[in-house]
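Thanks for coming, everyone. Please have a look at the model on the screen, and then I will take you through it.

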Amino acid sequence: MPTPGGPPAEKVILEALRTVHEPDLRRDIVSLKFVKAVEVRGPAVRIRITLPYPTLSLKDQLRQECAAKVRTLPGVDAVEVEVSTDISSRPGPAGEMVPEVRNIVAIASGKGGVGKSTTSANLALALSSMGARVGLLDADVYGPSIPGMLGVTERPEVNPGGRLPPIGKHGISVMSMGLLASRETPVIWRGPMATKLIQQFLGAVEWGALDYLLLDLPPGTGDVQLTITQSVPLAGAVIVSTPQDVALHIAMKGLKMFQDVHVPIVGIVENMSTFVCPHCGERSDIFRHGGARKICGERGIPFLGEIPIDGAIVQAGDEGLPTVLRNADGPAATAYREVARRLVAEIGLANLLGSETTRRPQKVGAAKSGVHLDLKWDDGHRSRIGYRRLRLECPCAACIDEWTREPRLDPKSVPELVHPIEVSSVGRYALAFKWSDGHSSGIYTFQRLRDLCECIECGGTEAIEPEEEPGPPPRAAGGTFEV
Ligand code: ADP
């Protein structure tokens, strides 16, 4: 509480700042660790905020909102809010091959022709326009289309150090297999050959310091894609899909591939979503739109946005000047910039959650009781959490209000014997459960699971036998779920 008549305590200011939310992540800026310092000098307050990703408008928005919130506190006369950017890196050791790249992001699709390369090129340019240092690697060995889309014709030259500097174009660094092969000899590398080449290629390019390196993966979810995703330390993966059910179904395979290797899913982009008639402006859904958003909502995956079907995208791609540059004020460019904005915010969040996670569960399964989940952690600790309590603690937007943090889930609606029927890992920092009551959108961070532990050591009442191991998860095939 503020001292009567005097300036407010730092704690009070932080409480006020907790009501300021990041609009895309829908979390408050204190829990996101954006607030780095609060200084109170008499009636003057200075707040220092650092954003872990580039933005075009968020800085001003936060500056104004924070100042407005704090100025209303008793005892405050003047508020100064300083907002800076320091782009975060993927937590963990830097990749040997690309030590100066802060975030490598794979752009994937379940099948070809959904607009993955077009999306990669436009997103790279949108990120660059936000002030980030961006690289784009065309790893689509089967059909390298990035050079054409960006109008790159120069061939890369090996430098005296034996490395391959990328080509600078429109403010970003570009490299493609297509730049090495001549037009007459199309690149048709398959399987292990392709994988080996890409690995060599990744190691040979001298990217220098970058904030984001986008990796335009070959379409599909086979061995080549899997090997590439494991060759470099990915900050996350973006899935591009068209709205059709079939395409989305295929995109889900991509999702599973990344989940299996613990790469955070940054989100899904729905491409060729709605058609906006260039003459009358009328919108029509050529391929039923909105499917990706729905799937994201059901599974707790961030939805990054929709790109309309737009003839200007094709024309721009064919002319070597992507639509983000060629028609910067058009609807497609605006849509790409929005996707880029959400993308960097989600990567920032994944980096934060990944760096907060000090302990990981190694085994997750059912306790003998039949109503508890057991976890075995990498530090040897064993946790037990009641299924119903875990279900009631679901952190998704349907169960808890995103702004006020008030519960929205009516406990009476949750069956007494609710239990998980599927457990999957989300990136390097969380687990997701599919519940017997049909709910599946909650993502539980490792830290949250540890906090929910009901064992005696953690202040609960559950006694776990020293040699007791988690049993197979209920109804899930294949025994104990290994993280
Ligand atoms: P992929 O990389 O998934 O194989 P491409 O990015 O090469 O797909 O795109 C395939 C074709 O679709 C290209 O001709 C491209 O210009 C076009 N395209 C991509 N996105 C859109 C869109 N939103 N509207 C209209 N055409 C698009």
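I will go from the ligand to the aromatic rings, and then to a few places in the backbone.

One thing before we start. This is a predicted model.

Let's begin with the ligand. How many residues are around the ligand? There are 16. Coming nearest are Gly113, Lys116, Ser117, Thr118 and Asn271. Sort the shell by class, and you get eight nonpolar residues, six polar ones and two charged ones.

Now the backbone contacts to the ligand. Look at Val114. One of its polar backbone atoms is 3.1 Å from a ligand oxygen. Move along to Gly115. Here a backbone N or O atom lies 2.9 Å from an oxygen of the ligand. Then Ser117. A polar backbone atom of Ser117 and an oxygen atom of the ligand are 2.8 Å apart.

How much of the ligand does the protein bury? Taken alone, the ligand exposes 560 Å², and the protein buries 80% of that.

A general point to start. A pair of aromatic rings is described by how far apart the centres are and by the angle of the planes. In this model the count comes to three aromatic pairs.

Take Phe34 and Tyr53. Their ring centres are 6.0 Å apart. Their planes are at 70°, so this pair is edge-to-face, the cut-off being over 60 degrees. This pair links distant parts of the chain. Phe34 is in the loop between β2 and β3, while Tyr53 is in the loop between β4 and α2. That puts them 19 residues apart. Buried or exposed, these two? Phe34 and Tyr53 are both buried.

Next, Phe433 and Trp435. This aromatic pair is tilted, with 5.5 Å centre to centre and 35° between the planes. Phe433 has a relative accessible area of 2%, so it counts as buried. Trp435 is at 1%, so it is buried too. Ring pairs link Phe433, Trp435 and Tyr444 into a cluster.

The charged end of Arg450 sits over the ring of Trp377, 5.2 Å from the ring centre.

Now the backbone angles. In general, most residues other than glycine have a negative phi. Which way does Lys33 go, positive or negative? Positive: its phi is near 65°. Lys33 is in the loop between β2 and β3. Its relative accessibility is 41%, so Lys33 counts as partly exposed.

Met272 has a positive phi as well, near 55°. Here we are back in strand β12, where Met272 lies. With a relative accessible area of 25%, Met272 is partly exposed.

Last stop, Pro23. Where is it? Pro23 lies in the loop between β1, residues 21-22, and β2. Pro23 is partly exposed, at 36% relative accessible area. Now find Leu58. Pro23 and Leu58 are 35 residues apart in sequence, yet 8.7 Å apart in space, C-alpha to C-alpha.

That's the tour. Thank you.

Technical notes: Residues are numbered from 1 along each chain as its sequence is written. This is a predicted model: local features need pLDDT of at least 70, side-chain atom pairs count only at pLDDT 80 or more; totals for chains, interfaces and linings use all residues. Side-chain values use heavy atoms; hydrogens and water are left out. A residue is near a molecule or strand if one of its heavy atoms lies within 4 Å of it. A polar contact is a pair of N or O atoms within 3.5 Å; within protein, one must be able to donate a hydrogen and the other to accept it, and residues adjacent in sequence count only if both atoms are side-chain atoms. Accessible areas come from the Shrake-Rupley method with a 1.4 Å probe; for residues, only the protein chains shown count as cover. Ala, Val, Leu, Ile, Met, Phe, Trp, Tyr, Cys and Pro count as nonpolar, Asp, Glu, Lys and Arg as charged, and the others, Gly among them, as polar. Rings of Phe, Tyr and Trp (its six-membered ring) pair if their centres lie within 6.5 Å; planes under 30 degrees apart count as stacked, over 60 as edge-to-face and the rest as tilted. Helices (H or I, at least four residues) and strands (E, at least two) are DSSP runs, numbered from the N terminus. Buried means under 20% relative accessible area, exposed over 50%, partly exposed in between (1.4 Å probe, protein chains only). A charge sits over a ring if NZ of Lys or CZ of Arg is within 6 Å of the ring centre and within 35 degrees of the ring normal.
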